[in-house]
Amino acid sequence: MSRSALIENVTAMLGDAGFTVSDRCATRPKSFDVAARRGDNVVLVKILGNIDAFDGETGAEMRRIGSYLQATPMVIGLRTRDEELKPGVVYFRHGVPVLSPDTAMDFFVEGVPPLIYAAPGGLYVNIDGDVLADRRKNEELSLGQLANELGVSRRTVSKYEDGMNASIEVAMALEELFGGDLTAPVSVMDGAEEVRDADPTPEDPEAAPEDVPVLSVLARVGFEVHPTLRAPFKAVGEDLSRADRLLTGHSAFTEAAVKRARIMSSLGEVTHTRAVYVVDEASRESIDGTAIVEREELEDVEEAEEFRDLLAGRGDPQEA
């Protein structure tokens, strides 16, 4: 299957699952392909045939943008260099959860969450420690007796009951021994906290020199500015006092700029974020929902109220 066909299939699947899906980010370089929203859940999705093409820089960018836009970064792919991705298994690359199309279909459309995740050494599951402890006590088994049944140490069983994850072989042995379900779903939409806690959100990159004057104005009027490297926009701005977010682009007013502004408008609609594109000169004040601002206009702005007045009537502001 070609990557274009895969992207179309994944986009259609998200639509079937009730998501509003953005336009495809058909620009290069790009950290993600589409954004999608269902209720309060927002995902930034990278779609790949071979997930080995997903590098650390792209993973860091997706995680940064996800944290600023309150979205979960995610990769949907078919295979690694060595094997097909297994259905029902969550993989991780550079702190980002990776699902096969079948796993994504089960999760998003059928409402069946994955129970298994891949990590160095094999496949693992999340054991519900409280349920395990209750089952063991109901069967009047000591920690040592259960350890002997599983072929592990008493301390390991104690750790399982404290919430330590187990190999899929141990999980199967436990369920055969006690019956019923002892496993908890893998956290996908919550951002895979265990991976994130061990690997904090990467620091922002330096802004490109040509973008510094524009981003400096945003900082001056109260935005915390986060430059990007591989997104259709140059930065995400956060006005923490007003809970406002801003996607910002900057370039000459070219066909490519119009294309980016349209993508930013679509992304803004999905993520409930205002989009602004700064150009040297322009004959229009908006492109779809993206406000177009000339650089000289922006550089004259000193106060937050002036900035809001400048944007008034240019594009359709999104409610955060």
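Glutamate 299 and arginine 295 sit 4 residues apart in helix 11 (residues 295-299), so about one helical turn separates them. Helices here are DSSP runs of H or I with at least four residues, strands are E runs of at least two, and both are numbered from the N terminus. The two side chains form a salt bridge, with the closest N and O atoms 3.1 Å apart. A salt bridge means a side-chain nitrogen of Lys or Arg within 4 Å of a carboxyl oxygen of Asp or Glu. Glutamate 299 is partly exposed at 38% relative accessibility. Arginine 295 is partly exposed too, at 23%. Buried means under 20% relative accessible area, exposed over 50%, and partly exposed in between (1.4 Å probe, protein chains only).

The model is predicted: local features need pLDDT of at least 70, side-chain atom pairs count only at pLDDT 80 or more, and totals for chains, interfaces and linings use all residues. Residues are numbered from 1 along each chain as its sequence is written, and side-chain values use heavy atoms, leaving out hydrogens and water.

Now the whole protein. It has 12 helices and 16 strands. Its C-alpha trace spans about 75 × 45 × 30 Å along the principal axes. Of the 320 residues, 49% are buried.

The structure holds 15 salt bridges. Aspartate 211 and lysine 234 make one of them, at 3.2 Å from N to O. Aspartate 211 lies in the loop between helix 8 (193-198) and helix 9 (212-220), and lysine 234 in the loop between strand 11 (224-227) and strand 12, so the pair ties together parts 23 residues apart in sequence. Aspartate 211 is buried at 5%, while lysine 234 is partly exposed at 29%. Elsewhere, lysine 30 bridges to aspartate 33 at 3.4 Å. Lysine 30 is buried at 10%, and aspartate 33 is buried at 0%. Arg3 joins Lys30 and Asp33 in a network of salt bridges.

Glutamate 238 is another case. It lies in strand 12 (residues 235-239). Glutamate 238 is buried but has no salt bridge; arginine 245, the nearest side chain of opposite charge, is 6.2 Å away. The side chain of glutamate 238 does make a polar contact of 2.7 Å with that of histidine 226. Such a contact is a pair of N or O atoms within 3.5 Å; within protein, one must be able to donate a hydrogen and the other to accept it, and residues adjacent in sequence count only if both atoms are side-chain atoms.

Next, the nonpolar interior. A nonpolar core is a set of buried Ala, Val, Leu, Ile, Met, Phe, Trp, Tyr and Cys residues joined through side-chain atoms within 4.5 Å. The largest one has 53 residues, and Phe32, Leu132 and Phe233 are among those with the most contacts inside it. Helix 10 (residues 255-271) gives the largest share of this core, 7 residues. A second, separate core of 25 residues includes Leu6, Met13, Ala17 and Ile47.

Strand pairing comes last. Two strands pair if DSSP finds at least two bridges between them. Strand 5 (residues 89-93) and strand 7 (residues 116-119) run parallel over 2 bridges. Valine 89 stands opposite isoleucine 116. Strand 7 also pairs with strand 8 (residues 122-127), antiparallel over 4 bridges. Alanine 119 faces glycine 122 there. This hairpin has 2 residues between its strands, and glycine 121 takes a positive phi near 105°.

How values were computed
Lys, Arg positive; Asp, Glu negative; His and termini not counted.
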